[in-house]
Amino acid sequence: MINIEENISLLIKKIENKTSIIAVSKKKSAELVEQAYLLGIKNFGENYLQEALQKIISLNHLDINWHFIGKIQSNKCKDIARNFQWVHTIDRFKVAKRLNDDCPLNKIINVLIQINIDNEESKSGINECQLFDLAEKISVLPNLKLKGIMVIPKNNLENNLTEESFKKTLEISKKLRNKFSEANEISMGMSNDFELAIKNGSTMVRIGTGIFGERN
Ligand SMILES: *Cc1c(COP(=O)(O)O)cnc(C)c1O
């Protein structure tokens, strides 16, 4: 049995309120999410829409902020807009526009633009040079609030290379904030590198394994 209580209390201690913890609950049960919630976690990240919707419905009685952190197919935007408070993986205007148009009345969806910080073929996200154009277009959509950027640096990097990606991300974030002062969030860092990410300016760490244990 995985002891999520111990994982969460250690994590909270390490993070010292410096960033928000997004508990990544993909492939984990609604029961485990509820346990984590009762231990103080209020933000949960999900990658797969169908799986997420089941949990969101069954945990409707809890005051959870749900973060969509997976690849977005544009035909899924309606369900994402209705069920998530945050979307970390915006990488094209078409998706932003659909989320905006499908957003329920009196709701604002917080969005982050995903940047492909190491220019990897296999990863989603835009290049830095496209960021301002996309940010500009998103900033006029009334139902979305541009809150910042998200990155998934290359894995299996030596620590100092990962740190370079983090530093690069912080620089990009600063430039973005110059123009869009409320876009001050940086979603960066996962179970194996969150401390380094925090040291380099992360404001939201996405932790899966480090809370819930290995996924099958
Ligand atoms: C799965 C996932 C995480 C969590 O990864 P861990 O290594 O289990 O902490 C974070 N971010 C994204 C985008 C993910 O897909």
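Which residues of H1 are buried? In this predicted model, local features require pLDDT of at least 70 and side-chain atom pairs count only at pLDDT 80 or more, whereas totals for chains, interfaces and linings use all residues. Residues are numbered from 1 along each chain as its sequence is written, and side-chain values use heavy atoms, without hydrogens and water.

Helix H1 spans residues 4–15; helices (H or I, at least four residues) and strands (E, at least two) are DSSP runs numbered from the N terminus. Its twelve residues reach 16 Å from the first C-alpha to the last, close to the 16 Å expected at 1.5 Å a residue, that span being 1.5 Å times one less than the number of residues. The buried residues of H1 are Ile4, Ile8, Leu11 and Ile15, where buried means under 20% relative accessible area with a 1.4 Å probe, protein chains only. They lie on the same side of H1 because they cover an arc of only 65° around the axis, taken from the directions from the helix axis to the C-beta atoms. These residues pack against strands S1 (20–24) and S8 (204–207), and against helices H2 (30–38), H8 (194–199) and H9 (209–212). Glutamate 16, with a positive phi near 45°, follows H1.

The largest nonpolar core has 64 residues. Such a core is a set of buried Ala, Val, Leu, Ile, Met, Phe, Trp, Tyr and Cys residues joined through side-chain atoms within 4.5 Å. Its largest share, five residues, comes from H2. Leucine 99, among the residues with the most contacts inside this core, touches Cys77, Ile80, Ala81, Val87, Ile90, Ile109 and Leu144, leaving aside residues up to four places away in sequence; contact means heavy atoms within 4.5 Å.

Technical notes: Buried < 20%, exposed > 50% of the residue type's maximum accessible area, 1.4 Å probe, protein only.
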